[in-house]
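Let's take a walk through this assembly, starting with how its chains meet. Keep the structure open beside you as you read.

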4 protein chains.
Amino acid sequence: MSATEHATPGYHADKDALIKRLHRIEGQVRGIEKMVEDDRYCIDVITQISAVQAALEKIALGLLDGHVRVCMGADGGAPADPDERIQELMGAVGRLVKR
Amino acid sequence: MSATEHATPGYHADKDALIKRLHRIEGQVRGIEKMVEDDRYCIDVITQISAVQAALEKIALGLLDGHVRVCMGADGGAPADPDERIQELMGAVGRLVKR
Amino acid sequence: MSATEHATPGYHADKDALIKRLHRIEGQVRGIEKMVEDDRYCIDVITQISAVQAALEKIALGLLDGHVRVCMGADGGAPADPDERIQELMGAVGRLVKR
Amino acid sequence: MSATEHATPGYHADKDALIKRLHRIEGQVRGIEKMVEDDRYCIDVITQISAVQAALEKIALGLLDGHVRVCMGADGGAPADPDERIQELMGAVGRLVKR
């Protein structure tokens with residue numbers, strides 16, 4: 001992790017937009033806390049959680065896309081060893097698929 | 001939604017713990033923003049997103065459990081009409097399953 | 001499981017259509033075997049698997065809907081004890097959500 | 001799709017095991033049909049569907065792994081154009097994640 005942090009990650013070009021999207025999600029989670037404080041109806045709370053999950057999933061797939069583009073090319077901070085690189089990629093895919 | 005907000009939701013007994021868990025997730029999302037700002041490695045960012053998704057899913061399933069307990073009993077703010085109640089429940093389940 | 005098998009399950013009214021849909025899925029799986037035998041392109045095989053999964057998910061959600069309708073009413077073969085009944089339901093939902 | 005079918009797919013080494021696993025899944029689906037014919041309890045039917053879905057997911061992730069190994073190397077039947085190749089890969093990942 002140490003060395004890789006100085007490489008240019010796959011999301012570099014969209015960094016500002018990405019931070020903005022994450023920031024919006026942070027606000028959505030805060031909104032869900034508020035809903036719970038206000039004793040809002042369970043189904044409405046669950047619906048908001050589903051919305052956050054969908055937004056996070058979209059971001060994760062976008063990051064994965066950027067990662068594959070960088071990593072399939074070359075550089076980018078991924079492990080030099082192709083086996084490790086693929087194992088790492090498939091680990092990330094597996095966690096997204098199974099959640 | 002108006003009337004239902006004054007009923008006691010299924011998560012009432014665990015309200016404080018629930019808010020604490022959501023607050024922790026809010027912090028995790030802020031942490032992910034920081035990772036992106038620091039150009040951290042994509043796979044590490046994706047891994048953190050997966051962790052947040054797993055935490056949210058656990059909360060959503062817990063809320064659903066509380067909802068079913070309250071709603072299968074009676075009261076609780078769910079629609080009086082059983083058909084509507086079930087449609088609403090299955091809508092929430094469907095959104096969680098498909099994300 | 002023994003006693004429950006003689007109750008009328010929630011899918012009873014759609015039984016024939018349900019069997020037909022499952023039979024079609026069985027054929028789709030056989031088709032995937034054939035694709036592998038023919039050395040078909042991985043992505044095409046994966047796409048077919050995704051299609052089968054989507055079809056199964058739809059069936060499972062439909063069964064769950066029927067189950068909730070029957071079980072929330074009364075009868076239907078679900079455990080008499082409401083706690084057990086809910087635990088069982090939430091177990092099924094959890095397995096669908098996490099897969 | 002035409003040209004690609006003559007390339008060696010990523011799963012080639014495990015082809016026989018893969019066909020055997022798919023054949024077992026085909027049998028499981030047939031078993032679910034039988035359960036429905038016998039009016040078996042909904043929750044038990046749903047549990048079996050979840051088991052089939054988990055088995056299919058495992059196979060799909062294995063195929064994806066093989067695909068990435070072949071495709072990240074070179075040959076293998078994937079589109080020659082890296083952009084198309086990645087788009088195709090991410091399409092498959094997206095369908096697995098969202099189902």
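In this predicted model, 54 residues of chain A touch 53 residues of chain B. Bringing the two chains together buries about 5000 Å², and carbon and sulfur atoms account for 64% of that area.

The charged and polar pairings are worth a look too. Four salt bridges cross the interface of chain A and chain B. To see one of them, find A:Glu26 and B:Arg30, whose side chains come together with an N to O distance of 2.6 Å. Between chain A and chain B there are also 15 residue pairs in polar contact, counting pairs with both residues at pLDDT 80 or more.

Which helices of chain A build the side that touches chain B? Helix H1 (15-37), helix H2 (42-73) and helix H3 (82-98) each contribute at least two residues to that side. The most comes from H2(A), which provides 17 residues.

Now turn to chain B and chain C. Rotating by 180°, with a shift of 0.0 Å along the axis, superposes chain B on chain C at an RMSD of 0.0 Å. That is the relation of a two-fold axis.

Definitions and conventions:
Residues numbered from 1 in each chain as written. Chains lettered and ligands numbered in written order. Predicted model: local features only at pLDDT ≥ 70, side-chain atom pairs only at ≥ 80, totals over all residues. Heavy atoms only, no water. Contact = heavy atoms within 4.5 Å. Buried area = accessible area lost by both parts, 1.4 Å probe. Polar contact = N/O pair within 3.5 Å; in protein donor to acceptor, adjacent residues only side chain to side chain. Helix = DSSP H or I, 4+ residues; strand = E, 2+ residues; numbered from the N terminus. Least-squares fit on C-alpha atoms with pLDDT ≥ 70 in both.
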